[in-house]
Amino acid sequence: LLAGIVPALVVIAVFSGSFAYWLARYFSQSVLDQWLYDTAATLARRVQRSAHGIVVDVPQGAREMLEWDEIDRIYFEVLSGVGTRHFGDVPLPAPPKQLSWKQRSAFYDARIGTTPVRVLAIVLDDRTDPVVVVKVAETRLKRRVLASHVLWISVAVSVLLVVASAIIVWYAINRGTASIRAAVSRAHRASERTPLLPITIDQTMPEEVRPLIQDINELMENLHGAHRLNREFIANAAHQLRTPIASLRVQIEIALRETDPAKQQTALADAVKLLGRLGRMLHQLLIVARTDDASNDVGHATSVNIDQLAREELEGRLDDCAQLGIDLGYEGQGQPVTIAGSDTMYREAIANLIDNAVRYASSGGRITVGVTAGPPTVYVEDEGPGISATHLEHIGTRFYRVPGSPGEGCGLGIAIVKSILQRHGGHFTLGPGSRQRGLRATMHFPG
Ligand SMILES: Nc1ncnc2c1ncn2[C@@H]1O[C@H](COP(=O)(O)OP(=O)(O)OP(=O)(O)O)[C@@H](O)[C@H]1O
Ligand SMILES: [Mg+2]
């Protein structure tokens with residue numbers, strides 16, 4: 001702030017200093033000019049016209065008084081007509097412009113020899129011929145000394161002004177920011193003890209920074225919320241992983257202990273199944289981490305044909321479904337439906353929905369995977385038990401499962417579908433199937 005203000009102060013000081021110098025010089029020169037005028041007027045009163053011509057009657061004493069000056073030298077000249085000198089020792093320079101009855105006097109700078117002088121020329125106002133001109137000249141020593149004094153005083157005052165203003169501004173800024181610094185160090189101390197604590201806004205805090213602190217506090221609250229969700233997620237994930245790992249250990253111990261090869265085989269087969277379950281869980285956790293990562297720009301990665309994608313995922317499950325006696329069918333455009341997004345993410349989402357339908361609605365016997373083009377959607381519909389309204393609102397919350405759900409899921413599938421769609425600017429809906437039974441899970445992609 002100070003670095004920004006000081007140059008402005010210097011500019012102001014230079015301007016005001018120059019103006020003060022000009023003003024002081026102007027008035028001091030005016031005063032000196034006035035003295036010169038008084039001298040010329042005194043001399044003019046001594047000029048007389050007589051029958052013998054022009055007479056300048058200046059007694060020696062009066063002449064000494066007129067010429068007396070401690071610093072400068074004064075010269076006189078009284079001329080008439082075309083240049084007859086009646087008084088004065090040296091010829092004085094003529095005015096730059098011819099004087100007339102209209103403009104009867106003129107001050108001007110000139111030189112006598114090499115000495116610079118200030119000259120006043122006056123035409124006497126008696127309007128008779130010949131015209132009489134009175135000139136008084138004075139060397140410029142006093143004026144030069146005065147000008148240099150005025151200059152130094154102006155410079156000194158300007159420098160003083162800048163220094164004093166800078167000190168005042170510095171003091172004011174320091175005083176103004178002291179309360180902010182105090183608040184910041186208070187917040188710093190508090191956050192060392194408990195991170196993400198909001199900064200307390202009290203009366204000592206300057207009004208100007210309060211909106212900023214409020215914004216920071218809101219941000220902290222959001223961060224705090226996100227931090228809490230992360231902690232809960234890690235705790236839940238650890239909890240979910242603990243059970244299969246414990247079971248895995250038991251199965252391996254059984255296999256080690258067992259002498260009966262058939263039982264040993266069963267224990268090992270169970271262990272492999274558990275490993276599969278663990279693998280799927282880890283895969284899901286990784287997908288959650290990827291969809292949470294804001295720096296991972298999945299939005300417009302490639303263009304994806306969702307119709308082809310849905311059919312490929314469906315074909316991948318045909319054998320399983322045939323074994324379970326499920327009728328897995330396709331209801332779609334039969335032509336490409338292309339949208340922007342990430343191929344692997346969309347594939348993951350569709351696979352999760354088919355997986356749910358197969359797992360929870362196999363009793364219904366029929367599952368339909370459908371694709372629409374305008375607007376682009378992919379839906380998976382089954383004729384199973386569906387989800388009751390009380391649970392429906394919680395579905396999609398991480399790790400939420402309808403109590404008593406069969407299978408070994410951990411409640412991440414739909415949460416993953418939702419966040420994949422969110423990341424791509426789409427949304428997800430759940431509702432009853434077309435014949436008012438079962439479940440229809442629809443992914444709405446951005447158009
Ligand atoms: N098609 C469906 N019919 C009936 N209930 C369903 C269906 N799909 C999901 N659900 C219910 O919604 C819950 C949440 O499903 P979600 O896919 O999120 O998790 P999950 O299948 O339990 O576990 P995961 O998919 O992580 O292995 C399931 O526990 C199940 O109770
Ligand atoms: Mg699932």
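Ligand 1 sits among 21 surrounding residues, and the closest of these are R280, Y360, R401, S405 and L412; a residue counts as near a molecule if one of its heavy atoms lies within 4 Å of it. This is a predicted model, so local features need pLDDT of at least 70 and side-chain atom pairs count only at pLDDT 80 or more, while totals for chains, interfaces and linings use all residues. Side-chain values use heavy atoms, with hydrogens and water left out, residues are numbered from 1 along each chain as its sequence is written, and chains are lettered from A and ligands numbered from 1 in the order in which they are written.

Next, the backbone. Most residues other than glycine have a negative phi, and most peptide bonds are trans. F399, not a glycine, goes against this with a positive phi of about 70°. F399 belongs to the loop between α8 (389–392) and α9 (413–423), where helices (H or I, at least four residues) and strands (E, at least two) are DSSP runs numbered from the N terminus. With a relative accessible area of 13%, F399 is buried (buried is under 20%, exposed over 50%, partly exposed in between; 1.4 Å probe, protein chains only).

Q436 also has a positive phi, near 55°, and is found in the loop between β13 (427–431) and β14 (439–444). Q436 counts as exposed, because its relative accessibility is 64%. The peptide bond between G374 and P375 is cis, with omega about -5°, and P375 is part of the loop linking β11 (366–372) and β12 (377–382).

Finally, the surface. L151, W152, V155, V159, V163 and I167 make up a nonpolar patch of about 560 Å². Patch members have over 30% relative accessible area and no salt bridge, and nonpolar side chains (Val, Leu, Ile, Met, Phe, Trp, Tyr) are joined within 5 Å, like charges within 9 Å; a salt bridge is a side-chain nitrogen of Lys or Arg within 4 Å of a carboxyl oxygen of Asp or Glu. V163 lies in helix α3 (residues 141–193) and counts as partly exposed, because its relative accessibility is 44%.

Definitions and conventions: Accessible areas come from the Shrake-Rupley method with a 1.4 Å probe; for residues, only the protein chains shown count as cover.
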